[in-house]
Protein chains: 2
Amino acid sequence: MSDLLERLRTRGWRLTSQRRVVAEVLDGEHVHLTADEVHARAVERLPEISRATVYNTLGELVGLGEVLEVATDGRAKRYDPNAHHAHQHLVCSGCGAIRDVHPQGDPLDALPAGERFGFVISGAEITYRGLCPDCAGR
Amino acid sequence: MSDLLERLRTRGWRLTSQRRVVAEVLDGEHVHLTADEVHARAVERLPEISRATVYNTLGELVGLGEVLEVATDGRAKRYDPNAHHAHQHLVCSGCGAIRDVHPQGDPLDALPAGERFGFVISGAEITYRGLCPDCAGR
DNA sequence: ATCCTAGCTTGGACATTGTCCAAGTCAAGA
DNA sequence: TCTTGACTTGGACAATGTCCAAGCTAGGAT
């Protein structure tokens with residue numbers, strides 16, 4: 001993730017301790033955390049960091065394309081540090097666990113011109129739903 | 001939509017004026033409304049209907065499989081009355097407009113066994129993103 | 001090394017979306 | 001027509017996110 005900090009600094013990002021901590025938290029476990037979870041982990045390292053800063057920083061990272069925002073339910077958005085490798089998500093309908101998955105082919109190929117309604121299409125997100133081994137076995 | 005009301009009645013649904021109005025609103029325009037938008041339209045026909053009832057009724061319709069819940073952003077969920085025809089969504093990144101689209105093939109076919117991690121997979125939702133003709137032309 | 005200042009952070013108020021509950025109301029079967 | 005359990009209501013509450021004025025600081029300028 002020092003790569004990330006380096007990239008951001010060359011883009012004029014001011015490198016504060018708060019931003020460093022948020023970046024470290026995201027890089028620490030490649031897991032899909034909510035903003036509040038990121039805040040909770042950040043507080044462990046920098047007790048006075050505020051919720052507002054975490055929200056700000058996450059928003060900036062998303063804007064810079066370093067982190068993806070994932071909305072798989074109507075609840076809190078989750079933040080995915082794996083923005084530089086195309087992937088999709090597999091979500092457990094039982095416990096909400098999320099895994100990165102890599103389907104074959106390009107989903108855009110499945111959408112014929114006649115189904116594009118004049119849109120300039122930039123991408124596709126796929127959410128596979130199912131039950132994880134734990135939830136399925138009960 | 002009287003089909004829908006009929007189906008629900010045979011399943012023991014008590015047919016109240018509130019539920020009828022919510023069902024009519026959803027059926028009226030085949031558009032993806034938020035709960036609050038449904039409430040606003042319902043109030044036009046039945047001024048004393050409460051927000052709680054709209055939420056309850058939408059939740060029941062989703063549970064019964066008559067309406068789909070769509071979460072394309074982190075904001076309010078949207079409700080899709082087109083639950084009986086498999087389809088996906090195309091969302092304008094500019095104005096948020098949503099269209100139903102029908103990609104070719106089954107998205108589940110693109111996910112090899114080795115990428116399923118023992119999940120019992122039940123379905124896939126695809127959100128295509130792009131700019132609608134209006135937003136792209138500016 | 002020190003200073004300056006634009007940009008960052010903070011805490012708290014506020015907004016949006018959704019859930020819950022006790023009390024009152026009503027659809028539909030008897 | 002009566003009865004009753006299911007439905008509805010309004011308002012309190014919860015979860016998530018946004019905004020702002022005031023103070024702080026990273027990092028370039030001196």
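Strand 1 of chain B pairs with strand 3 of chain B (residues 78-80) in the antiparallel sense, over two bridges. Strands here are DSSP runs of type E with at least two residues, helices are runs of H or I with at least four, and both are numbered from the N terminus. Two strands count as paired if DSSP finds at least two bridges between them. The model is predicted: local features need pLDDT of at least 70, side-chain atom pairs count only at pLDDT 80 or more, and totals for chains, interfaces and linings use all residues. Residues are numbered from 1 along each chain as its sequence is written, while chains are lettered from A and ligands numbered from 1 in the order in which they are written.

As background, strands of a sheet pair through backbone hydrogen bonds, either parallel or antiparallel.

Turning to chain A, there are five helices and six strands, and from the N terminus on the elements follow the order α-α-β-α-α-β-β-β-β-β-α. The C-alpha atoms of chain A fill a box of roughly 50 × 45 × 25 Å along the principal axes. Of the 138 residues of chain A, 29% count as buried; a residue is buried if 20 or more other C-beta atoms, placed from the backbone, lie within 10 Å of its own, exposed if 12 or fewer do, and partly exposed in between. Strand 4 and strand 5 of chain A form a hairpin with five residues between them, and G96(A) in the turn has a positive phi of about 85 degrees. Four bridges join these two antiparallel strands of chain A, and H89(A) stands opposite D100(A) in strand 5 of chain A.

How do the two chains meet? The contact takes 35 residues from chain A and 35 residues from chain B, where two residues are in contact if their C-beta atoms, placed from the backbone, lie within 7 Å. On the chain A side, strand 4 (88-92), strand 5 (98-101), strand 6 (120-131) and helix 5 (133-136) each supply at least two residues. Strand 6 of chain A provides the largest share, 12 residues. By class, this side of chain A has 20 nonpolar, nine polar and six charged residues; Ala, Val, Leu, Ile, Met, Phe, Trp, Tyr, Cys and Pro count as nonpolar, Asp, Glu, Lys and Arg as charged, and the others, Gly among them, as polar. Strand 6 of chain A also runs antiparallel to strand 6 of chain B (residues 120-131), joined by 11 bridges. In this pairing, A124(A) stands opposite Y128(B).

The largest nonpolar core has 22 residues, of which L90(A), I126(A), Y128(A), L90(B), I126(B) and Y128(B) touch the most other members. Such a core is a set of buried Ala, Val, Leu, Ile, Met, Phe, Trp, Tyr and Cys residues joined through C-beta atoms within 7 Å. Beyond its neighbours within four places in sequence, I126(B) is in contact with P107(A), A124(A), I126(A), Q88(B), P103(B) and P107(B).

Finally, 25 residues surround DNA strand C, the closest being T16(A), Q18(A), A52(A), T53(A) and L15(B); a residue is near a strand or molecule if its C-beta atom, placed from the backbone, lies within 6 Å of it. Helix 4 of chain A gives the most to this surface, with four residues. Around DNA strand D there are 25 residues, with L15(A), T16(B), Q18(B), A52(B) and T53(B) the closest, and helix 4 of chain B contributes the largest share, four residues.
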